[in-house]
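Subject: Structure handover

Hello,

Here is the structure I promised to pass on. Please open it and keep it beside you while you read the notes below.

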Amino acid sequence: MPKNGYLDRLCVHKDYQGQGVATSLCDRLETRFPVSHITTHASLTAKPFFESRGYRLLNEQHVERKGVFLTTEQRFPGIGNGVLQDILLAAGIHPKRKIGTFSDLEQDNLLSCIISVLGDMTEGGGRDTEKDIFGRRGGYRVRLSKNTLVSGCPQCRGQLVKETYMGGSIYYCPSCQPLVNF
Ligand SMILES: [Zn+2]
């Protein structure tokens, strides 16, 4: 535990739960470390345990299983909307699809699309919608952006759609990225 008192995960193997392992670990941590207070991120199942030890809830954190991808808040830290749109097009996933409705195949496919599209962007030296610190545009041609809205879908040449969604703009191809929530 670092000096700021952040307890980074306390887990007990399922076969050893209920034997006081966490209690004794916590007893030691709380007495041995000279910190004024201890904070942790506890799961809902672990919440009663920490509360029984006098911890109180600072703020509720939402872990959204059925969340949506494109919002003003990033679902994947580091993968912003501008990047994610091309990834979703490559994966054939509608930006409003619920994460909880993804099949295993779609998840695997999405992961490989994240890797390949980010790889292409890196190789191209960034996106052409952004400039580097020397004012040069990247060499990666962004497939979905306001610049390509008129030229149509790079895959099927169909009409692209721009919508406002949760405080931002989203672009997608309705034929390549059908909205299906199973
Ligand atoms: Zn298309």
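Let me start at one residue. Leaving out residues up to four places away in sequence, Ser 145 touches Gly 82, Thr 129 and Tyr 171. Ser 145 sits in the loop between H4 and strand E3 (161-165). Its C-alpha atom is 8.3 Å from that of Ile 170, although the two residues are 25 apart along the chain. Is Ser 145 buried, partly exposed or exposed? Ser 145 counts as partly exposed, because it has 18 C-beta neighbours inside 10 Å, and burial would take 20 or more.

Before going on, a word on what you are looking at. This is a predicted model.

The overall picture

The protein chain has 182 residues, and 18% of them count as buried. Its secondary structure comes to 4 helices and 4 strands. Along the sequence they follow the pattern β-α-β-α-α-α-β-β. Take the contacts with a separation of 6 or more: 49% of them join residues 24 or more positions apart.

Confidence

The average pLDDT of the protein chain is 82, and 88% of the residues score at least 70. Please treat one stretch with care: the pLDDT is below 50 over residues 62-74. In the model this stretch still has 25 contacts beyond near neighbours in sequence.

The core

The largest nonpolar core holds 20 residues. Those with the most contacts inside it are Ile 87, Leu 88, Leu 89, Ala 91, Leu 144, Leu 160 and Tyr 172. Which elements give two or more residues to this core? They are helix H3 (81-91), helix H4 (104-123) and strand E4 (168-172). H3 provides the largest share, 7 residues.

Leu 88 is worth a click. Setting aside neighbours within four places in sequence, Leu 88 is in contact with Ile 93, Pro 95, Tyr 172 and Gln 177. Tyr 172 is itself among the core residues with the most contacts.

Helix H4

H4 runs for 20 residues. From first C-alpha to last it reaches 28 Å, close to the 28 Å expected at 1.5 Å a residue. Three of its residues, Leu 110, Val 117 and Met 121, are buried. They lie on the same side of H4, because they cover an arc of only 45 degrees around the axis. The buried residues of H4 pack against H3.

What does the face turned away from the buried side of H4 carry? That face has exposed residues, among them Asp 104, Asp 108, Ser 112, Thr 122 and Glu 123. Leu 105, Leu 111 and Ile 115 are exposed on that face too.

Gly 125 follows H4, and its phi is positive, near 75 degrees. Arg 157 also has a positive phi, about 65 degrees, although it is not a glycine. Most residues other than glycine have a negative phi. Arg 157 lies in the loop between H4 and E3. Why does Arg 157 count as exposed? It has 11 C-beta neighbours inside 10 Å, and the cut-off for exposed is 12 or fewer.

That is the handover. Over to you.

Best wishes

Methods:
Residues numbered from 1 in each chain as written. Predicted model: local features only at pLDDT ≥ 70, side-chain atom pairs only at ≥ 80, totals over all residues. Core = buried A, V, L, I, M, F, W, Y, C linked by C-beta atoms within 7 Å. Contact = placed C-beta atoms within 7 Å. Expected span 1.5 Å × (residues − 1). Arc of directions from axis to C-beta. pLDDT = per-residue confidence, 0-100.
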